[in-house]
Amino acid sequence: KEENIFFSLTSNELTPEQINRIKTPSRMVPEQKVALATHWHPEFVPVDLAVERMQAMFPCLDEALTIPTQHNELLSYKGYSGVEVDCYSKGFNQKVQLLLHFEKDRVAGASRLWSILEHTRKYRATQLFEFIRAVNDENGNKVEKAARETGSGKEIVNFARIYVRKIEELIQKHHSSLPPNSLKNKLLRNFFHHLRQDYPDPFIDRAQIFLKTIKKMVKADFNLNYFYRTSEIIEEARALGAGIVIPHPEQFWPILLAEYDVDGYEVWNPQSQRYTDFLISVVNRKNKVLSASQRPLLIFMGDDTHMGEKVKAPGERKEEKAEREIGCQPAWEDPNIKRKLDSAGITRTSVIERYKQRLAG
């Protein structure tokens, strides 16, 4: 039974029912005629199928810039390629992320970029194994600390360990045949969710809280030195004619002070909405003092959609992520935000036009 759960969570095969879920958007928005979709994650869903959902949601689109940005994996759609890459900013000792966008032909033979992304993807995946080791370590202090912080007794700790060990055994047994993108921290969370059919919800909830606390500790201790430096990523991307956008900067605000060579900031994101007005003001203020040789910063908004959530049955979804849709960024229509954008002459269409020009070189 545990093996069936494991395979259901690590398989990239889609059932007819899952394909139908993907094709059917949560709603239709016929009034939206322009879509800027430059920050979204197909995960294991085919890109064309994901875009089909977006087109069904916005049946009257006249214009769209649609570039997938998988984590540390370059994917393409209609002449453009994109990726969201993890990197390390040594100046403020923090992992950050960059959105890189390219004309597809520019990256076909970019062996160094592909090597950088493969290294980063593999290294990020090791966090899952550190997570597993932390739970299973009889002498580790993370379990003891997490149990104390969450009020988890031996019953919860032992239960979590039993099933984490089973997951580890299944990974070891089937590692050679597993899709690389299946080895993520959320594998544990999703596996324990499926145990609700055999254990009471409150009990699983307590186990999930305990595991989530350990995961946070593992992430906090994750060695950042093995990521490529932000400046290295930018240099390599620029050599290939990339456009570079800083996503959800409020999560690592010192990046705004670093003066990196980027094309724009993402001022709104489903998990980064608090400082939208402020970020727009930052962009506008910086653009007013540019020299003649400098290009103005562009304003982006990212829906940060994770298509894997669309595959799940309603009761299994993480609703906060499941509600996101490719190209859906309500802040563009927010009256207060729109006033600021209008004063700077910024619209979805103007951003698309300028960004396409930059990507064309």
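Trainee: How many helices and strands does the secondary structure of the protein come to? Then please look closely at the contact of helix 4 with helix 9.

Mentor: Bear in mind that this is a predicted model. The protein has 14 helices and 10 strands. Its radius of gyration is 21 Å, close to the 21 Å that the globule rule gives for 361 residues, so the protein is as compact as a globular protein of that length. Along the principal axes, the C-alpha atoms fill a box of roughly 65 × 45 × 45 Å.

Now the helix pair. Helix 4 covers residues 111-136, and helix 9 covers residues 230-239. They pack at an angle of about 145°. Their axes lie 10 Å apart. The crossing of helix 4 past helix 9 is left-handed. Helix 4 brings Arg112, Leu113 and Ile116 to the contact. From helix 9 come Glu232, Ile233 and Glu236. By class, the contact residues are 3 nonpolar and 3 charged, with no polar ones.

One more feature deserves a look: the second largest pocket. Its volume is about 350 Å³. The lining of this pocket is made up of 16 residues. Nearest its centre lie Tyr260, Val262, Gln294, Arg295 and Leu297. The lining divides into 8 nonpolar, 1 polar and 7 charged residues.

Notes. Residues numbered from 1 in each chain as written. Predicted model: local features only at pLDDT ≥ 70, side-chain atom pairs only at ≥ 80, totals over all residues. Heavy atoms only, no water. 1 Å grid on protein atoms, 1.4 Å probe; cavity = no way out; pocket = protein on both sides within 12 Å on 5 of 7 lines; lining within 4 Å. Points joined across faces, edges and corners; volume = space filled by probe spheres on them. Nonpolar A, V, L, I, M, F, W, Y, C, P; charged D, E, K, R; others polar. Axes fitted to C-alpha atoms, helices over the stretch in contact; angles between N-to-C directions. Helix = DSSP H or I, 4+ residues; strand = E, 2+ residues; numbered from the N terminus. Left-handed = near helix turned anticlockwise from the far one by under 90°. Contact = heavy atoms within 4.5 Å. Rg over C-alpha atoms; globule rule 2.2 N^0.38 Å.
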